[in-house]
Amino acid sequence: MSRFDFSPLYRSAIGFDRLASLMENAANNGSNGNSGYPPYNIELLSENQYRISMAVAGFAREELEITSHENTLMVKGHKTPEQQGGRNYLYQGIAERGFERRFQLADHIKVTGADLENGLLHIDLVREVPEAAKPRTISIG
């Protein structure tokens, strides 16, 4: 498995060492067994808007739980054990197992909504920087 070197980010970006650390941890955590399920995309919609899309085929709205606490977004899927009802699978390629996926969010990222459409769970995020944290002009006196 290839390894990524994030050290150039530490040298060229001041104050973004936490972001580089999070990316490095995400790359290192990709080796555990559940990291590929369910697959997901992260899209940049505009300068301050993002969308996470997760493939959750076979899950109903009631079986999904989205929790945002501090800088962590957690998505859980609880598949209720169904009665097989005489089903005899020759091949079962659709995973029917529960999952828990965590996303580390940067500061000032808020979850604005979620929608389940055609087997894809879309979670919309927005960066809302408070006025106190925005850049300000300092006059030279």
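Analyst: Helices (H or I, at least four residues) and strands (E, at least two) are DSSP runs, numbered from the N terminus. On that basis the protein reads α-α-β-β-β-β-β-β-β along the sequence, with two helices and seven strands. The model is predicted: local features need pLDDT of at least 70, side-chain atom pairs count only at pLDDT 80 or more, and totals for chains, interfaces and linings use all residues. Residues are numbered from 1 along each chain as its sequence is written, and side-chain values use heavy atoms, with hydrogens and water left out.

Confidence comes before detail. pLDDT is the predictor's confidence in each residue, from 0 to 100. The mean pLDDT of the protein is 78, and 70% of its residues reach 70 or more. Over residues 12–16 pLDDT stays under 50, and the model has zero contacts there beyond four places in sequence; a contact means heavy atoms within 4.5 Å. Where pLDDT is low, the predicted coordinates should not be read in detail.

Two strands pair if DSSP finds at least two bridges between them. Four strands make an open sheet in the order 1-2-7-6, with antiparallel pairing. From one strand to the next the twist averages 20 degrees, where axes are lines fitted to C-alpha atoms (for helices over the stretch in contact) and angles run from 0 to 180 degrees between N-to-C directions. Strand 1 is joined to strand 2 (residues 49–55) by six bridges, and the two run antiparallel. Within this sheet, L44 stands opposite Y50 in strand 2.

A three-strand open sheet has the order 3-4-5, again with antiparallel pairing. Here strand 3 and strand 5 are the edges, each pairing on one side only. Neighbouring strands of this sheet are turned by 15 degrees against each other on average, direction ignored. Strand 3 (residues 64–69) pairs with strand 4 (residues 72–77) over six bridges, and L64 stands opposite G77 in strand 4. These two strands form a hairpin with two residues between them, and E70 in the turn has a positive phi of about 55 degrees. On the other pairing, six bridges join strand 4 to strand 5; T72 stands opposite Q104 in strand 5.

The loop between strand 4 and strand 5 contains K79. K79 lies 20 residues from F99 in sequence, and their C-alpha atoms are 8.6 Å apart. Setting aside neighbours within four places in sequence, K79 contacts G58, F59, E63, E96, R97 and G98.

Buried means under 20% relative accessible area, exposed over 50%, and partly exposed in between (1.4 Å probe, protein chains only). The largest such core has 17 residues, and M54, V56, F99, L121 and L125 have the most contacts inside it. Strand 2, strand 4, strand 5 (99–104), strand 6 and strand 7 (120–127) each give two or more residues to this core. Beyond its neighbours within four places in sequence, L125 has contacts that include Y50, I52, L73, L105, I109 and V111. Buried residues make up 21% of the 141 residues in the protein.

Conventions. A nonpolar core is a set of buried Ala, Val, Leu, Ile, Met, Phe, Trp, Tyr and Cys residues joined through side-chain atoms within 4.5 Å.
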